[in-house]
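Trainee: Hi! Could you walk me through this structure, starting with the words I'll need?

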Amino acid sequence: TKAADHLMECVHDFRIRLKNYTNPNVKKKGKNVGPNEVPNHITIFVAANYPSWQETTLNYLKEKYNPSAESHFPENTEILQHLKGIPEIKPFMKKLMPFVAHVKTQVAEKGSSVLESHLPFCESDLFNINKDYFLRSLDLDSLDICEASSYHDQKLVADVCPGKPICKFEKRELDPIDKSSAVVTLVNIQPCTPFFKQTLNLYDTDTVEDVILR
């Protein structure tokens with residue numbers, strides 16, 4: 001289903017983002033940037049609706065979409081000429097054509113359903129139902145799902161739209177009651193099987209489910 005495919009794509013994307021976060025291959029003022037502290041928390045930002053300028057652009061592209069034509073859409077010059085005079089689009093002219101190019105690429109890869117301004121499922125519900133899957137796949141302890149429109153740092157979430165969530169990793173301190181722990185090593189004595197040994201911390205407030213997830 002589309003929801004399942006979207007979930008798999010997001011987990012794959014977040015896994016890559018996590019790898020890049022913990023091992024950034026970048027330089028700052030000529031110096032290599034060291035690895036970030038291994039995170040234990042992820043916040044996923046989602047949006048139920050497109051910003052008005054993007055929704056207007058999508059509706060126009062949907063109207064002009066021609067599945068039988070070779071290019072499917074009008075030329076970029078025609079698209080730009082039509083959209084640049086629309087009031088809600090004018091403040092976002094620098095972002096307009098990159099967004100159009102992104103939509104065209106997505107249509108080529110996934111079909112015309114990309115032109116819909118709303119997903120056929122609730123993205124936040126999908127992620128909430130599959131929280132445990134996210135945590136297991138990314139080896140994290142906790143997860144929050146946040147509506148982008150309500151987040152205090154709008155620059156961080158400016159590009160979030162339906163079907164295009166972003167995530168933020170961080171290392172969160174444990175609550176004082178959780179800080180006391182015991183280190184336990186689990187050994188699989190069955191030969192020729194994976195996961196032969198696993199070491200983990202057990203906290204006072206852990207449940208069986210917490211340990212399994214960890």
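Mentor: Happy to. Buried means under 20% relative accessible area, exposed means over 50%, and partly exposed is in between, with a 1.4 Å probe and protein chains only. This is a predicted model, in which local features need pLDDT of at least 70 and side-chain atom pairs count only at pLDDT 80 or more, while totals for chains, interfaces and linings use all residues. Residues are numbered from 1 along each chain as its sequence is written, and side-chain values use heavy atoms, leaving out hydrogens and water.

Trainee: Thanks! Is Phe73 buried or exposed?

Mentor: Phe73 is buried, because its relative accessible area is 8%. Tyr65, at 22% relative accessibility, counts as partly exposed.

Trainee: What kind of aromatic pair do Tyr65 and Phe73 form?

Mentor: A tilted one, 5.4 Å centre to centre with 50 degrees between the planes. Rings of Phe, Tyr and Trp (its six-membered ring) pair if their centres lie within 6.5 Å; planes under 30 degrees apart are stacked, over 60 edge-to-face, and the rest tilted.

Trainee: How many aromatic pairs are there by this rule?

Mentor: The count comes to eight. Among them, Trp53 and Phe99 are edge-to-face, at 5.5 Å centre to centre and 65 degrees between the planes. Trp53 lies in helix H2 (residues 52-64) and Phe99 in helix H4 (residues 93-110), so the pair ties together parts that are 46 residues apart in sequence. Helices (H or I, at least four residues) and strands (E, at least two) are DSSP runs, numbered from the N terminus.

Trainee: New topic: what order do the strands of the open sheet have?

Mentor: The three strands run S4-S3-S5, with mixed pairing. Two strands pair if DSSP finds at least two bridges between them. S4 (142-147) and S5 (166-170) stand at the edges with a single partner strand each, so one side of each has no neighbour in the sheet.

Trainee: And how many bridges join S3 to S4?

Mentor: Six, and S3 (residues 41-46) runs parallel to S4. Thr43 stands opposite Asp144 in S4.

Trainee: Last one: which residues of H2 meet helix H3?

Mentor: Thr57, Tyr60 and Leu61 in H2 meet Glu78, Ile79, His82 and Leu83 in H3. Contact means heavy atoms within 4.5 Å.
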